[in-house]
Amino acid sequence: MDDIAPEYDVVVLGTGLTECVLSGVLSVKGNKVLHIDRNDHYGGEAASVNLETLFKKYGNVRPGEEPWTKYGRVNDWNVDLVPKLLMANGELTNILVSTDVTRYLEFKQIAGSYVQQGKGPKATVAKVPSDAGEALRSSLMGMFEKRRAKKFLEWVGEFKEEDPSTHQGLDIHACTMKDVYDKFSLEDNTRDFVGHSMALYQSDEYITTAGMAPDAINRIRLYVNSMARYGKSPYIYPLYGLGELPQGFARLSAIYGGTYMLNTNVDEVLYDESGKVSGIKATMDNGDTMKFETKTKKILADPSYFPDKARVTGYLLKAICILKHPIDKTDGSDSLQLIIPQSQVGRKSDIYIAMVSSAHNVCPKGYYIAIVSTIAETDANHHMELEPGFERLGQIEEKFFPAPIPLYEPLEDGTKDNIFISKSYDATSHFETTTDDVRDIYRRAAGEELVVEGLREGQTLAEE
(Lines give C-alpha, C1' and ligand atoms only; values in the text may rest on other atoms or scores of the structure.)
Protein backbone atom coordinates (compact mmCIF):
# COMPACT_ATOMS: atom_id res chain seq x y z
CA MET A 1 0.00 0.00 0.00
CA ASP A 2 1.18 3.51 -0.78
CA ASP A 3 2.21 5.77 2.09
CA ILE A 4 -0.53 8.12 3.24
CA ALA A 5 0.05 11.58 1.81
CA PRO A 6 -0.26 14.64 4.08
CA GLU A 7 -3.02 16.09 1.88
CA TYR A 8 -5.57 15.02 -0.73
CA ASP A 9 -7.87 16.99 -3.00
CA VAL A 10 -10.74 14.65 -2.16
CA VAL A 11 -11.39 11.96 0.44
CA VAL A 12 -14.11 9.46 -0.56
CA LEU A 13 -15.81 7.39 2.16
CA GLY A 14 -17.53 4.12 1.21
CA THR A 15 -16.96 1.95 -1.85
CA GLY A 16 -20.51 1.74 -3.15
CA LEU A 17 -20.94 2.22 -6.88
CA THR A 18 -21.75 5.95 -6.61
CA GLU A 19 -18.61 6.62 -4.57
CA CYS A 20 -16.39 4.45 -6.78
CA VAL A 21 -17.61 6.11 -9.99
CA LEU A 22 -16.90 9.54 -8.50
CA SER A 23 -13.50 8.41 -7.21
CA GLY A 24 -12.55 7.10 -10.64
CA VAL A 25 -13.81 10.13 -12.55
CA LEU A 26 -12.13 12.62 -10.18
CA SER A 27 -8.83 10.69 -10.40
CA VAL A 28 -8.95 10.72 -14.20
CA LYS A 29 -9.49 14.48 -14.08
CA GLY A 30 -6.29 14.98 -12.08
CA ASN A 31 -7.52 15.01 -8.48
CA LYS A 32 -5.47 13.37 -5.74
CA VAL A 33 -7.97 10.95 -4.14
CA LEU A 34 -7.91 8.94 -0.91
CA HIS A 35 -10.68 6.31 -0.86
CA ILE A 36 -11.62 4.67 2.45
CA ASP A 37 -14.06 1.95 3.48
CA ARG A 38 -14.69 0.56 6.95
CA ASN A 39 -15.44 -2.86 5.40
CA ASP A 40 -12.96 -5.44 4.10
CA HIS A 41 -14.49 -5.55 0.60
CA TYR A 42 -15.49 -3.21 -2.20
CA GLY A 43 -19.06 -2.45 -3.20
CA GLY A 44 -20.94 -1.58 -0.03
CA GLU A 45 -24.63 -2.16 -0.76
CA ALA A 46 -23.68 -2.82 -4.42
CA ALA A 47 -21.43 -5.78 -3.57
CA SER A 48 -21.82 -9.31 -4.92
CA VAL A 49 -21.41 -12.14 -2.38
CA ASN A 50 -21.09 -15.92 -2.49
CA LEU A 51 -23.87 -18.18 -1.32
CA GLU A 52 -22.42 -18.98 2.11
CA THR A 53 -22.08 -15.27 2.83
CA LEU A 54 -25.66 -14.70 1.67
CA PHE A 55 -27.04 -17.43 3.95
CA LYS A 56 -25.08 -16.11 6.92
CA LYS A 57 -26.12 -12.52 6.20
CA TYR A 58 -29.84 -13.10 5.68
CA GLY A 59 -30.61 -16.81 6.09
CA ASN A 60 -30.91 -17.18 9.89
CA VAL A 61 -28.59 -20.20 9.83
CA ARG A 62 -28.60 -22.31 13.00
CA PRO A 63 -25.25 -23.40 14.50
CA GLY A 64 -23.86 -26.50 12.81
CA GLU A 65 -26.04 -26.12 9.69
CA GLU A 66 -24.59 -25.51 6.22
CA PRO A 67 -27.68 -25.21 3.98
CA TRP A 68 -25.68 -23.66 1.15
CA THR A 69 -23.86 -26.94 0.43
CA LYS A 70 -26.81 -28.40 -1.49
CA TYR A 71 -26.40 -25.69 -4.13
CA GLY A 72 -22.88 -26.64 -5.19
CA ARG A 73 -19.65 -24.74 -4.64
CA VAL A 74 -20.26 -21.49 -2.81
CA ASN A 75 -17.80 -19.59 -5.01
CA ASP A 76 -19.81 -20.45 -8.12
CA TRP A 77 -22.33 -17.95 -6.79
CA ASN A 78 -22.00 -14.16 -7.08
CA VAL A 79 -25.27 -12.80 -5.74
CA ASP A 80 -25.94 -9.07 -6.04
CA LEU A 81 -27.23 -7.23 -3.00
CA VAL A 82 -29.00 -4.64 -5.19
CA PRO A 83 -31.25 -5.41 -8.18
CA LYS A 84 -29.74 -3.29 -10.93
CA LEU A 85 -29.12 -3.53 -14.69
CA LEU A 86 -27.35 -1.13 -17.06
CA MET A 87 -29.19 0.69 -19.84
CA ALA A 88 -27.22 0.06 -23.05
CA ASN A 89 -27.27 3.75 -24.04
CA GLY A 90 -27.61 5.02 -20.47
CA GLU A 91 -25.45 7.33 -18.42
CA LEU A 92 -23.52 4.63 -16.55
CA THR A 93 -22.58 2.96 -19.84
CA ASN A 94 -21.41 6.33 -21.16
CA ILE A 95 -19.27 6.85 -18.05
CA LEU A 96 -17.81 3.34 -18.39
CA VAL A 97 -16.87 4.03 -22.01
CA SER A 98 -15.48 7.53 -21.49
CA THR A 99 -13.28 6.46 -18.57
CA ASP A 100 -12.19 3.21 -20.28
CA VAL A 101 -13.33 1.10 -17.31
CA THR A 102 -14.70 -1.32 -19.90
CA ARG A 103 -11.20 -2.80 -20.24
CA TYR A 104 -11.62 -4.39 -16.80
CA LEU A 105 -15.13 -5.78 -17.35
CA GLU A 106 -17.08 -8.05 -19.66
CA PHE A 107 -20.79 -7.59 -20.28
CA LYS A 108 -23.62 -9.75 -21.53
CA GLN A 109 -26.98 -8.55 -22.72
CA ILE A 110 -30.13 -9.14 -20.71
CA ALA A 111 -32.50 -11.36 -22.65
CA GLY A 112 -35.77 -9.50 -22.15
CA SER A 113 -37.67 -6.51 -20.78
CA TYR A 114 -41.22 -7.29 -19.70
CA VAL A 115 -44.25 -5.63 -18.15
CA GLN A 116 -47.25 -7.13 -16.36
CA GLN A 117 -50.88 -6.16 -16.86
CA GLY A 118 -53.40 -7.33 -14.29
CA LYS A 119 -52.60 -9.38 -11.22
CA GLY A 120 -52.55 -12.97 -10.05
CA PRO A 121 -51.81 -16.11 -12.08
CA LYS A 122 -53.94 -14.94 -15.02
CA ALA A 123 -52.11 -11.64 -15.43
CA THR A 124 -50.72 -10.82 -18.86
CA VAL A 125 -46.92 -10.66 -19.11
CA ALA A 126 -45.56 -9.28 -22.34
CA LYS A 127 -42.39 -7.91 -23.85
CA VAL A 128 -42.25 -4.12 -23.70
CA PRO A 129 -42.60 -2.87 -27.30
CA SER A 130 -39.59 -0.84 -28.37
CA ASP A 131 -40.66 0.47 -31.76
CA ALA A 132 -43.69 0.89 -33.97
CA GLY A 133 -43.35 -2.61 -35.44
CA GLU A 134 -43.32 -4.29 -32.03
CA ALA A 135 -46.29 -2.21 -30.95
CA LEU A 136 -48.32 -3.78 -33.75
CA ARG A 137 -47.36 -7.29 -32.57
CA SER A 138 -47.77 -6.68 -28.83
CA SER A 139 -50.28 -8.66 -26.79
CA LEU A 140 -50.60 -5.69 -24.41
CA MET A 141 -53.05 -3.85 -26.67
CA GLY A 142 -56.08 -4.40 -28.86
CA MET A 143 -55.97 -3.83 -32.62
CA PHE A 144 -56.99 -0.15 -32.65
CA GLU A 145 -54.79 0.71 -29.67
CA LYS A 146 -51.82 -0.93 -31.41
CA ARG A 147 -52.21 1.51 -34.30
CA ARG A 148 -52.38 4.47 -31.94
CA ALA A 149 -49.29 3.24 -30.07
CA LYS A 150 -47.50 2.74 -33.40
CA LYS A 151 -48.18 6.37 -34.36
CA PHE A 152 -47.04 7.54 -30.93
CA LEU A 153 -43.73 5.65 -31.09
CA GLU A 154 -43.12 6.81 -34.66
CA TRP A 155 -43.59 10.38 -33.44
CA VAL A 156 -41.24 9.82 -30.50
CA GLY A 157 -38.62 8.58 -32.97
CA GLU A 158 -38.90 11.77 -35.02
CA PHE A 159 -39.24 14.16 -32.07
CA LYS A 160 -36.66 16.92 -31.70
CA GLU A 161 -37.04 19.15 -28.68
CA GLU A 162 -35.58 22.19 -30.46
CA ASP A 163 -37.77 21.77 -33.58
CA PRO A 164 -41.43 22.87 -33.05
CA SER A 165 -42.42 21.31 -36.38
CA THR A 166 -41.99 17.89 -34.71
CA HIS A 167 -44.21 18.74 -31.72
CA GLN A 168 -47.60 17.86 -33.23
CA GLY A 169 -48.85 21.39 -32.50
CA LEU A 170 -48.24 21.01 -28.75
CA ASP A 171 -46.54 23.67 -26.62
CA ILE A 172 -44.12 20.97 -25.53
CA HIS A 173 -42.42 22.93 -22.73
CA ALA A 174 -45.68 24.01 -21.13
CA CYS A 175 -48.01 21.06 -21.68
CA THR A 176 -48.23 17.95 -19.55
CA MET A 177 -47.55 14.37 -20.62
CA LYS A 178 -51.30 13.83 -20.22
CA ASP A 179 -51.77 16.31 -23.07
CA VAL A 180 -49.34 14.27 -25.18
CA TYR A 181 -51.07 10.96 -24.40
CA ASP A 182 -54.46 12.58 -25.08
CA LYS A 183 -53.16 13.84 -28.43
CA PHE A 184 -52.62 10.22 -29.49
CA SER A 185 -55.73 8.92 -27.63
CA LEU A 186 -53.67 6.33 -25.75
CA GLU A 187 -55.51 4.12 -23.28
CA ASP A 188 -54.64 3.97 -19.57
CA ASN A 189 -52.87 0.61 -19.82
CA THR A 190 -50.70 1.90 -22.67
CA ARG A 191 -49.82 5.01 -20.68
CA ASP A 192 -48.94 2.67 -17.82
CA PHE A 193 -46.36 0.57 -19.64
CA VAL A 194 -44.95 3.53 -21.58
CA GLY A 195 -44.43 5.60 -18.43
CA HIS A 196 -43.17 2.84 -16.14
CA SER A 197 -41.47 0.32 -18.42
CA MET A 198 -40.03 2.64 -21.08
CA ALA A 199 -39.70 6.09 -19.48
CA LEU A 200 -38.95 4.28 -16.18
CA TYR A 201 -40.83 6.68 -13.90
CA GLN A 202 -41.50 5.32 -10.43
CA SER A 203 -44.84 7.09 -9.99
CA ASP A 204 -47.49 8.80 -12.14
CA GLU A 205 -46.68 12.33 -10.98
CA TYR A 206 -44.90 13.03 -14.27
CA ILE A 207 -48.19 12.72 -16.20
CA THR A 208 -49.78 15.87 -14.78
CA THR A 209 -46.68 17.98 -14.09
CA ALA A 210 -46.34 20.88 -16.54
CA GLY A 211 -43.05 20.98 -18.44
CA MET A 212 -42.27 17.27 -17.93
CA ALA A 213 -43.18 16.22 -21.46
CA PRO A 214 -39.69 16.73 -23.03
CA ASP A 215 -38.08 14.71 -20.22
CA ALA A 216 -40.58 11.88 -20.63
CA ILE A 217 -40.20 11.78 -24.41
CA ASN A 218 -36.40 11.77 -24.17
CA ARG A 219 -36.56 8.91 -21.64
CA ILE A 220 -38.67 6.89 -24.06
CA ARG A 221 -36.17 7.67 -26.85
CA LEU A 222 -33.33 6.44 -24.61
CA TYR A 223 -35.17 3.17 -24.07
CA VAL A 224 -35.84 2.75 -27.80
CA ASN A 225 -32.25 3.60 -28.76
CA SER A 226 -30.84 1.26 -26.10
CA MET A 227 -33.12 -1.50 -27.37
CA ALA A 228 -31.95 -0.92 -30.93
CA ARG A 229 -28.30 -1.45 -29.93
CA TYR A 230 -28.77 -5.10 -28.91
CA GLY A 231 -32.21 -6.13 -30.08
CA LYS A 232 -33.44 -8.36 -27.25
CA SER A 233 -33.63 -5.79 -24.46
CA PRO A 234 -32.20 -2.35 -23.64
CA TYR A 235 -30.14 -3.75 -20.73
CA ILE A 236 -26.68 -5.20 -20.25
CA TYR A 237 -25.04 -6.76 -17.19
CA PRO A 238 -21.44 -7.41 -16.08
CA LEU A 239 -20.27 -11.03 -15.99
CA TYR A 240 -19.65 -12.22 -12.41
CA GLY A 241 -22.09 -9.70 -10.95
CA LEU A 242 -22.53 -6.03 -10.17
CA GLY A 243 -19.71 -6.13 -7.63
CA GLU A 244 -17.36 -5.95 -10.61
CA LEU A 245 -18.48 -2.37 -11.32
CA PRO A 246 -17.16 -0.63 -8.18
CA GLN A 247 -13.98 -2.70 -8.40
CA GLY A 248 -13.49 -1.58 -12.01
CA PHE A 249 -13.69 2.09 -11.02
CA ALA A 250 -11.40 1.41 -8.05
CA ARG A 251 -8.78 0.02 -10.45
CA LEU A 252 -9.22 3.08 -12.63
CA SER A 253 -8.65 5.43 -9.70
CA ALA A 254 -5.56 3.48 -8.63
CA ILE A 255 -4.06 3.75 -12.12
CA TYR A 256 -4.42 7.53 -11.91
CA GLY A 257 -2.80 7.71 -8.47
CA GLY A 258 -5.75 7.12 -6.15
CA THR A 259 -5.01 5.52 -2.76
CA TYR A 260 -7.40 2.85 -1.43
CA MET A 261 -7.72 1.73 2.19
CA LEU A 262 -10.15 -0.99 3.33
CA ASN A 263 -10.71 -1.95 6.99
CA THR A 264 -10.32 1.73 7.87
CA ASN A 265 -12.50 3.69 10.27
CA VAL A 266 -12.83 7.45 10.29
CA ASP A 267 -12.32 8.58 13.89
CA GLU A 268 -12.86 12.31 13.43
CA VAL A 269 -13.65 14.83 10.71
CA LEU A 270 -11.71 18.08 11.05
CA TYR A 271 -13.01 21.55 10.15
CA ASP A 272 -11.40 24.97 9.69
CA GLU A 273 -12.55 28.28 11.22
CA SER A 274 -15.12 28.83 8.44
CA GLY A 275 -16.79 25.47 9.08
CA LYS A 276 -15.46 23.77 5.98
CA VAL A 277 -13.87 20.36 6.15
CA SER A 278 -10.08 20.46 6.50
CA GLY A 279 -9.10 16.83 7.09
CA ILE A 280 -9.75 13.51 8.82
CA LYS A 281 -8.29 11.31 11.54
CA ALA A 282 -8.61 7.59 10.84
CA THR A 283 -7.46 4.14 11.93
CA MET A 284 -6.62 1.30 9.58
CA ASP A 285 -6.68 -2.25 10.96
CA ASN A 286 -5.24 -4.75 8.50
CA GLY A 287 -3.69 -6.93 11.15
CA ASP A 288 -1.39 -4.08 12.17
CA THR A 289 -3.25 -1.04 13.51
CA MET A 290 -2.21 2.28 12.03
CA LYS A 291 -3.57 5.69 12.97
CA PHE A 292 -3.13 8.63 10.63
CA GLU A 293 -4.28 12.16 9.91
CA THR A 294 -4.49 13.81 6.53
CA LYS A 295 -5.76 17.10 5.14
CA THR A 296 -8.41 17.41 2.46
CA LYS A 297 -10.55 20.09 0.85
CA LYS A 298 -13.60 17.92 0.15
CA ILE A 299 -15.26 14.73 1.34
CA LEU A 300 -17.63 12.60 -0.72
CA ALA A 301 -19.44 9.93 1.30
CA ASP A 302 -22.32 7.53 1.48
CA PRO A 303 -24.96 8.46 4.09
CA SER A 304 -23.80 5.89 6.66
CA TYR A 305 -20.70 8.00 7.36
CA PHE A 306 -22.74 11.13 8.14
CA PRO A 307 -26.16 9.99 9.41
CA ASP A 308 -26.75 13.45 10.94
CA LYS A 309 -26.47 15.01 7.47
CA ALA A 310 -29.16 12.84 5.84
CA ARG A 311 -32.87 12.14 6.26
CA VAL A 312 -34.90 9.00 5.69
CA THR A 313 -37.32 9.36 2.77
CA GLY A 314 -38.76 5.86 2.84
CA TYR A 315 -37.89 2.18 3.09
CA LEU A 316 -36.80 -0.25 0.41
CA LEU A 317 -38.21 -3.77 0.59
CA LYS A 318 -36.42 -6.50 -1.32
CA ALA A 319 -36.10 -10.26 -1.44
CA ILE A 320 -33.33 -12.25 -3.08
CA CYS A 321 -34.76 -15.48 -4.51
CA ILE A 322 -33.16 -18.62 -5.93
CA LEU A 323 -35.12 -20.40 -8.67
CA LYS A 324 -34.63 -23.54 -10.70
CA HIS A 325 -36.65 -22.34 -13.68
CA PRO A 326 -37.14 -19.26 -15.86
CA ILE A 327 -40.12 -17.04 -15.07
CA ASP A 328 -43.38 -18.16 -16.65
CA LYS A 329 -44.66 -16.26 -19.71
CA THR A 330 -41.21 -14.75 -20.49
CA ASP A 331 -40.25 -17.07 -23.40
CA GLY A 332 -37.79 -18.99 -21.22
CA SER A 333 -35.56 -15.93 -20.82
CA ASP A 334 -32.33 -16.58 -18.90
CA SER A 335 -32.38 -12.97 -17.68
CA LEU A 336 -34.82 -10.08 -17.62
CA GLN A 337 -36.28 -6.99 -16.09
CA LEU A 338 -39.98 -7.27 -15.31
CA ILE A 339 -41.96 -4.31 -14.02
CA ILE A 340 -45.33 -4.63 -12.33
CA PRO A 341 -46.75 -1.08 -12.55
CA GLN A 342 -48.35 0.13 -9.33
CA SER A 343 -51.82 0.66 -10.80
CA GLN A 344 -51.99 -2.99 -11.90
CA VAL A 345 -51.81 -4.25 -8.32
CA GLY A 346 -53.43 -1.37 -6.42
CA ARG A 347 -50.22 0.25 -5.19
CA LYS A 348 -48.51 3.64 -5.32
CA SER A 349 -45.08 2.17 -6.11
CA ASP A 350 -44.02 -0.22 -8.87
CA ILE A 351 -42.69 -3.69 -8.10
CA TYR A 352 -39.45 -4.58 -9.90
CA ILE A 353 -38.00 -7.98 -10.73
CA ALA A 354 -34.42 -8.30 -11.97
CA MET A 355 -33.33 -11.83 -12.88
CA VAL A 356 -29.95 -13.22 -14.01
CA SER A 357 -28.60 -16.75 -14.33
CA SER A 358 -25.64 -19.01 -15.08
CA ALA A 359 -25.42 -17.25 -18.47
CA HIS A 360 -23.87 -14.35 -16.52
CA ASN A 361 -21.48 -16.44 -14.39
CA VAL A 362 -23.35 -15.66 -11.18
CA CYS A 363 -24.67 -19.15 -10.31
CA PRO A 364 -24.35 -22.79 -11.43
CA LYS A 365 -26.17 -24.00 -14.51
CA GLY A 366 -29.85 -24.69 -13.93
CA TYR A 367 -30.27 -21.92 -11.33
CA TYR A 368 -31.63 -18.37 -11.55
CA ILE A 369 -31.29 -15.43 -9.17
CA ALA A 370 -34.28 -13.06 -9.01
CA ILE A 371 -34.48 -9.96 -6.84
CA VAL A 372 -37.92 -8.51 -6.15
CA SER A 373 -38.03 -4.94 -4.82
CA THR A 374 -40.39 -2.08 -4.10
CA ILE A 375 -40.86 0.92 -1.82
CA ALA A 376 -42.70 0.22 1.43
CA GLU A 377 -46.14 1.82 1.54
CA THR A 378 -47.21 0.95 5.08
CA ASP A 379 -45.72 1.69 8.49
CA ALA A 380 -45.33 -2.06 8.98
CA ASN A 381 -42.65 -2.13 6.23
CA HIS A 382 -43.67 -5.73 5.65
CA HIS A 383 -42.29 -7.95 2.88
CA MET A 384 -45.87 -9.05 2.13
CA GLU A 385 -45.89 -6.00 -0.16
CA LEU A 386 -43.65 -8.03 -2.49
CA GLU A 387 -46.28 -10.77 -2.88
CA PRO A 388 -47.29 -9.87 -6.48
CA GLY A 389 -43.64 -10.35 -7.42
CA PHE A 390 -43.45 -13.73 -5.67
CA GLU A 391 -46.60 -14.81 -7.54
CA ARG A 392 -44.86 -14.01 -10.79
CA LEU A 393 -41.73 -16.03 -9.86
CA GLY A 394 -43.58 -19.30 -9.25
CA GLN A 395 -41.76 -22.01 -7.26
CA ILE A 396 -38.98 -20.44 -5.17
CA GLU A 397 -36.16 -22.58 -3.72
CA GLU A 398 -34.85 -19.99 -1.26
CA LYS A 399 -35.93 -16.51 -0.17
CA PHE A 400 -33.59 -14.12 1.60
CA PHE A 401 -35.22 -11.13 3.30
CA PRO A 402 -32.97 -8.21 4.24
CA ALA A 403 -34.56 -5.98 6.87
CA PRO A 404 -36.38 -2.96 5.39
CA ILE A 405 -33.63 -0.65 4.17
CA PRO A 406 -33.92 3.06 4.98
CA LEU A 407 -33.53 5.31 1.95
CA TYR A 408 -31.42 8.36 2.70
CA GLU A 409 -30.96 11.66 0.93
CA PRO A 410 -28.72 14.53 2.05
CA LEU A 411 -30.19 17.38 4.09
CA GLU A 412 -27.99 19.97 2.34
CA ASP A 413 -26.15 20.31 -0.95
CA GLY A 414 -22.73 20.14 0.75
CA THR A 415 -21.39 23.49 -0.41
CA LYS A 416 -21.47 24.95 3.11
CA ASP A 417 -18.92 22.50 4.56
CA ASN A 418 -17.67 20.72 1.39
CA ILE A 419 -19.08 17.37 2.51
CA PHE A 420 -21.14 15.86 -0.30
CA ILE A 421 -23.45 12.96 0.59
CA SER A 422 -24.87 10.45 -1.89
CA LYS A 423 -28.39 9.06 -1.98
CA SER A 424 -29.34 5.46 -1.18
CA TYR A 425 -30.08 3.00 -3.99
CA ASP A 426 -33.78 2.97 -4.83
CA ALA A 427 -36.06 0.07 -5.78
CA THR A 428 -35.62 0.43 -9.54
CA SER A 429 -33.89 -2.37 -11.44
CA HIS A 430 -31.68 -0.01 -13.44
CA PHE A 431 -28.88 2.47 -12.71
CA GLU A 432 -30.33 5.63 -14.27
CA THR A 433 -31.29 7.18 -10.92
CA THR A 434 -27.85 6.32 -9.50
CA THR A 435 -26.04 8.07 -12.33
CA ASP A 436 -28.31 11.09 -11.90
CA ASP A 437 -26.93 11.25 -8.35
CA VAL A 438 -23.33 10.86 -9.63
CA ARG A 439 -23.82 13.81 -11.97
CA ASP A 440 -25.45 15.91 -9.27
CA ILE A 441 -22.69 15.29 -6.71
CA TYR A 442 -19.97 15.91 -9.30
CA ARG A 443 -21.56 19.22 -10.31
CA ARG A 444 -21.74 20.40 -6.69
CA ALA A 445 -18.29 19.14 -5.68
CA ALA A 446 -16.33 20.03 -8.83
CA GLY A 447 -18.27 23.16 -9.81
CA GLU A 448 -18.80 21.94 -13.38
CA GLU A 449 -20.91 19.48 -15.33
CA LEU A 450 -19.65 15.94 -15.81
CA VAL A 451 -19.10 15.58 -19.56
CA VAL A 452 -18.78 12.04 -20.89
CA GLU A 453 -18.76 10.47 -24.34
CA GLY A 454 -21.22 7.74 -25.22
CA LEU A 455 -20.91 4.69 -27.42
CA ARG A 456 -20.04 5.30 -31.05
CA GLU A 457 -22.45 4.29 -33.79
CA GLY A 458 -22.45 0.51 -34.00
CA GLN A 459 -20.25 0.06 -30.89
CA THR A 460 -21.40 -2.51 -28.34
CA LEU A 461 -20.17 -3.71 -24.96
CA ALA A 462 -22.07 -6.95 -24.47
CA GLU A 463 -21.70 -10.46 -25.80
CA GLU A 464 -24.72 -11.90 -27.59
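Nine of the eleven residues of helix 7 (residues 188-198) are buried, so this helix is largely enclosed by the rest of the structure; buried denotes under 20% relative accessible area, exposed over 50%, and partly exposed the range in between (1.4 Å probe, protein chains only). Helices (H or I, at least four residues) and strands (E, at least two) are DSSP runs numbered from the N terminus. The structure is a predicted model, in which local features need pLDDT of at least 70 and side-chain atom pairs count only at pLDDT 80 or more, whereas totals for chains, interfaces and linings use all residues. Residues are numbered from 1 along each chain as its sequence is written, and side-chain values use heavy atoms, with hydrogens and water left out.

The buried set of helix 7 comprises Thr-190, Arg-191, Asp-192, Phe-193, Val-194, Gly-195, His-196, Ser-197 and Met-198. The cover over these residues includes strand 7 (112-117), helix 5 (143-158), helix 6 (177-183), helix 8 (205-208), helix 9 (213-230) and strand 15 (336-340). Just after helix 7, a positive phi of about 65° is found at Leu-200.

Strand 17 (residues 368-375) is likewise largely enclosed by the rest of the structure, because eight of its eight residues are buried. In a regular strand, side chains alternate between the two faces of the sheet. Both faces of strand 17 are covered, with Tyr-368, Ala-370, Val-372 and Thr-374 buried on one side and Ile-369, Ile-371, Ser-373 and Ile-375 buried on the other. Strand 17 runs antiparallel to strand 14 (residues 310-323), to which eight bridges join it; pairing requires that DSSP find at least two bridges between two strands. Within this pairing, Ile-371 of strand 17 is the bridge partner of Ile-320. Strand 17 also pairs with strand 16 (residues 351-357), in the antiparallel sense and over six bridges, and here Ile-369 of strand 17 stands opposite Val-356.

The loop between strand 16 and strand 17 holds Ser-358, which counts as partly exposed at 26% relative accessibility. Neighbours within four places in sequence aside, Ser-358 is in contact (heavy atoms within 4.5 Å) with Cys-363, Pro-364, Lys-365, Gly-366 and Tyr-367. Ser-358 and Lys-281 are 77 residues apart in sequence, and their C-alpha atoms are 44 Å apart in space.

Helix 1 (residues 17-28) and helix 10 (residues 244-255) have axes that come within 8 Å and cross at roughly 25°. Helix 1 is therefore roughly parallel to helix 10. Axes are lines fitted to C-alpha atoms, for helices over the stretch in contact, and angles run from 0 to 180 degrees between N-to-C directions; angles under 35 degrees count as roughly parallel, over 145 as roughly antiparallel, 65 to 115 as roughly perpendicular and the rest as oblique. In helix 1, Leu-17, Cys-20, Val-21, Ser-23, Gly-24, Ser-27 and Val-28 meet Leu-245, Pro-246, Phe-249, Leu-252 and Ser-253 of helix 10.

Thr-435 lies in helix 12 (residues 432-446) and is buried, with a relative accessible area of 2%. Apart from neighbours within four places in sequence, the contacts of Thr-435 are Glu-91, Leu-92 and Ile-95. Thr-435 and Thr-93 are 342 residues apart along the chain, with 9.7 Å between their C-alpha atoms.

At the level of domains, the assignment gives domain 1 (7-46 + 243-310 + 409-446) and domain 2 (131-230), with bounds from an automatic or database domain assignment. The centres of domain 1 and domain 2, taken over C-alpha atoms, are separated by 38 Å.
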